[in-house]
Amino acid sequence: MFGLLKEEMDVGDAGPRHRSGPRRGTLMMFSWIILCCSSLWLVVDGQIKISPETVQKWAVSFGKEIAALSTKYSGAKLLQKKYKDVEGVLKIEEVDGEELVKKFAEEMEEMLGRKMKSVKRLAEAAEDADLYHEYNDTLEFEYYNSMLINVVDEDGNALPLGGEFPLEANEHFSKLPVNTQQSNIQVPTNVYNRDPDILNGAYMSEALNDVFIDNFQKDPTLTWQYFGSSTGFFRLYPGIQWIPDENGVVTFDCRNRNWYIQAATSPKDVVIVVDVSGSMKGLRLTIAKHTINTILDTLGENDFVNIIAYSDYVRYVEPCFKGTLVQADLDNREHFKLLIDELHVKGEGKVKNAMKESFKILNEAAALGQGSLCNQAIMLITDGAMEDFQDVFEEFNWPERRLYLEPRLRSNSGCTCLHASNCNSLSSQVRVFTYLIGREMTFAENVKWIACNNKGYYTHVSTLADVQENVMEYLHVLSRPMVINHDHDIIWTEAYMDSVLPSTKELFNSQAQSLLLMTSVAMPVFSKKKETLSHGILLGVVGTDVALRELMRLAPRYKLGVHGYAFLITNNGYILSHPDLRPLYKEGKKLKPKPNYNSVDLSEVEWEDMEEKLRTAMVKGETGTLSLDVRTSVDKGKRVMFLKNDYFYTSINETPFSLGIVLTRGNGQYIFIGNVSVEEGLHDLIAPDLTIASEWTYCETDIDPAHRKLSQLQAVVRYLTGKEPDLECDVQLLQQTLFDAVVTAPMEAYWTALMLNPGGMDEGMETAFLGTRSGLMRFQRYSGIEKRVGKSFLTSTDKENMFTLDHFPLWYRRAAEYPAKQFLYYMPRQETRAGRIVIATTAITVTVGKKTAIAGAIGVQMTLEVMESKFWAIASQPNDTDCSAVEGVCPLRCDSLDMECYVIDNNGFVLISKQRTDAGKFFGEVDGSVMTTLIRMGMFKRVSLFDYQAMCKMSVHSISSARPLLSSFYGLASAFKWFLSNFLLFLLEFNICGFWHTEHFADAKPSSRTSYIHKKKGDILQPCDTEYPSFVYEPSVKETNSIIKCGRCQKMFVVQQIPESNLLMLVVQADCDCSRQHSPITMEPKEVKYNSSVKCERMRSQKIRRRPESCHAYHPQENANDCGGASAASLSAFLVLLCPPIATFLSLW
């Protein structure tokens, strides 16, 4: 029967196509019956009846069609010939990675050295100014307050401390309005800007103006220079207009910045001990939590920390960290803050055991060589200490000094030794700082005694507004040994993100949207007055910023090859700069810094370094080389490439940084040198179709202000024509650029001739383009913008396809890893909004002897419809096909109902399908059964990639509903409680004496951190690790076919490689649904879940790090009597009477 149907089908198809009438209708119906039955026949027969020979013919024909199209409209053969013609005059050299990394490091050292010299000059000027300045309690001085300049009152008069302050947009400072002839001063909202300390400091630091200007003239690459005073004001050069937030508040305090804290103190191990007994409920616990968070903000990656809570018993806020110290990087600090928010009070406070546990942690860390091995401190946060705790300090903190202490505590002395002469000789190993929380003063002397007898400092924190200033006191104490020794240690910070300035992102609001990664170099400023030597007075910190983008320009892309790159890490192994560092994430429509953006470890980016040999060597500051086989992703992780990378590394002297460069075997090994005359090269360089990489440094335009508005191409032309002979230009890069301009010049005429061809152009061919190793690009638009589908391709917004500081264009990188003289085709990602376009690209090479180097890449961008029309015309056998020798369906047509035909690329992404929406999708999502079979058969390989910088949604925790709202009374009571608690917080947040200067004091607001923590946890994204797949075609398998059994039916398919391309043709039986047996294969990343023990081990583990060279933990001349006192703040009688009954009422709820 089946044979009869087959025979009659052949006869029917051979009939004339022009027949009509009843006979035609009968034939059509007969044909439909045959089509419907064909599937049944194929299943029963059990053989693959899709002819592989037919599919192969289609693939060959289609390959020839698209290759001819791509070759013609790109001009690839002509360009390859032009480079072939000049091979006789070329010289190919092997890149010496060891020499290159040393040269880059020396240039970076020189650049950073200039910044350090500028900072030293500032420190010397500030100390000299203070030495000759006599403090004046009644000083009146009008300084320029950056918040008040150029602002007038209702009558049009300048505000006090304001006045006219000329500002002009400056290219060097990101086009921000600045005053390069004058600095000005910012004062935090919570600091009175006419306080005598502020006025004296502002007057004294006026001497820095001339030094700022002189530094900038000596080194025009300097950016922001500043002096952060220990009293809170911030002098910044050049002067700017400081814009407060929408509430009129500036929360920025220079003393909270890492550059200030690291310069002011040596590394430290800190154990924070917080009282969570019943008496700490309500506002006291709120203040305690804020105090802890503020202390955490003063720690950096060179510090170590842990937090203990105590009541009847001692517990660690993070049980995983029991008995150890963890690095105080941003990730761990944020982790602690989330845990602190969950603290609750209960029981009786027993501080003795908590102190013992703290000493054990610190002693064990020192004994094992862990932690900072420098300062050690305990921060005790409590509302009182009633126990006899003296023996704890005798046992743990006063070694070999079992002094007989007076039984009574003297209220007016910071030292309670029986023999006063021994007071200053007490060299406690661990400093203890105490924070008395709340208004109650009953146990103040006990708490003060603890601090004063352990080289610490006592503060009384009665309101939220007190926290900031009181916490900062411990920094002054830790800075004393360094100040007394007069050791000016220069520090470099980890990478940090800011809105251009060394301040905070509220600085300019809408005026400075670009976020940059920076590092700062800073130095402490001391009082040199002899009468205050023992007090170790820190005047402040001076510093300047270095944009890491500018530093990395000293490792030019063109010297590193297509896939090569340079990177920097800190002494802790954290990334300072790396092309794969992704510091931002998207929350809604906003880009935000990741919580751990500056504590990403090198091992999390170079994750193929499984044994961490590279990381260990670089952290130790060694010089050497290492080779690794790596899997690297391109196109936002959608595609994978396998590379053999050679790593070269060395340290940068006088800094905690290490530099590494990567050269890829093959295209990164060689560089070729050609030579042409300037006249010849210049002629071809100014062609209208030519551009050069705008982010590369061909000529240094940032030194002379007159050059800052020049583009790189304009600067190159002016230099070569002799109009700007003083420009500093990269001669080697210019030589390569001129050579490439001459060799590629004929492409302009070739492309133009195609456009003028009387025979016309193929519809849908839109842009021809090329790029060379020198960053030179040429492109020709074949169609106007109104007709062009790929409107964004090769525009300024299309960074992925342009030469940037971080990478070569995507089409260049992909072509470099594909065989020369063959085109590689792909569709840009859907989210790029580039439209339904296809990019065809191929590499251009030069060969001298046995050495081959990549000269560039060339290609054409076309609409997807161009390829679709070619494919559908080929993939359809005519009705009069001779099927006598064909075993299987004949004629075979991709437009028939029972066939699905696809063209996919070597990473499994669909280019052509009947369903137009399939284009750009991963084929595994379209047909999981066929993709699964292709992977099983070895035609495609699944490759696992890892992302250790991912962001995942925090799991939602269930919320207790122990007491539902039983009646409207509870609703009213809850509302009343909310009103009273918030009203009380409002009253207590203020230091009442601030109202003496109401015209200068703004309302205090809860920090943004509080609102962040109180978000719904399900809405919060948190750092996580993810694994995601990529798929790659195995080119040794040219064709395959198979049958997939899916329940009652079988699906048959044939796959054929399309010659001279990276594409595959798939013909698949369409009438067998396998979706129940084979689910789609997606490329969605999956979070790597760690069990509790593994997670804990990862959190506790301490990688190899290089400690800072200097440590200042103690000096025998320290003044032990200067250990704090009661807070000057006091509550009004009204609040004293009002607060207790309110607190009692709230406690009932």
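Helices (H or I, at least four residues) and strands (E, at least two) are DSSP runs, numbered from the N terminus, and two strands pair if DSSP finds at least two bridges between them. Within this pairing, F769 stands opposite G859 in β33.

This is a predicted model, in which local features need pLDDT of at least 70, side-chain atom pairs count only at pLDDT 80 or more, and totals for chains, interfaces and linings use all residues. Residues are numbered from 1 along each chain as its sequence is written, and side-chain values use heavy atoms, leaving out hydrogens and water.

Now step back to the whole sheet. Its six strands form an open sheet with antiparallel pairing, in the order β26-β30-β29-β33-β32-β31. At the edges are β26 (690–692) and β31 (824–826), each pairing on one side only.

Two helices meet this sheet. Helix α3 (residues 52–74) lies across β29, β31, β32 (837–848) and β33, running at about 100° to β33. Helix α20 (residues 731–744) packs on the sheet too, touching β26, β29 and β30 (776–781), and its direction makes about 30° with that of β30. Contact means heavy atoms within 4.5 Å; axes are lines fitted to C-alpha atoms, for helices over the stretch in contact, and angles run from 0 to 180 degrees between N-to-C directions.

Finally, look along α3. Its buried residues (under 20% relative accessible area, 1.4 Å probe, protein chains only) include W58, F62, I66 and Y73. Just after α3, G75 takes a positive phi of about 80°.

Note on methods:
Buried < 20%, exposed > 50% of the residue type's maximum accessible area, 1.4 Å probe, protein only.
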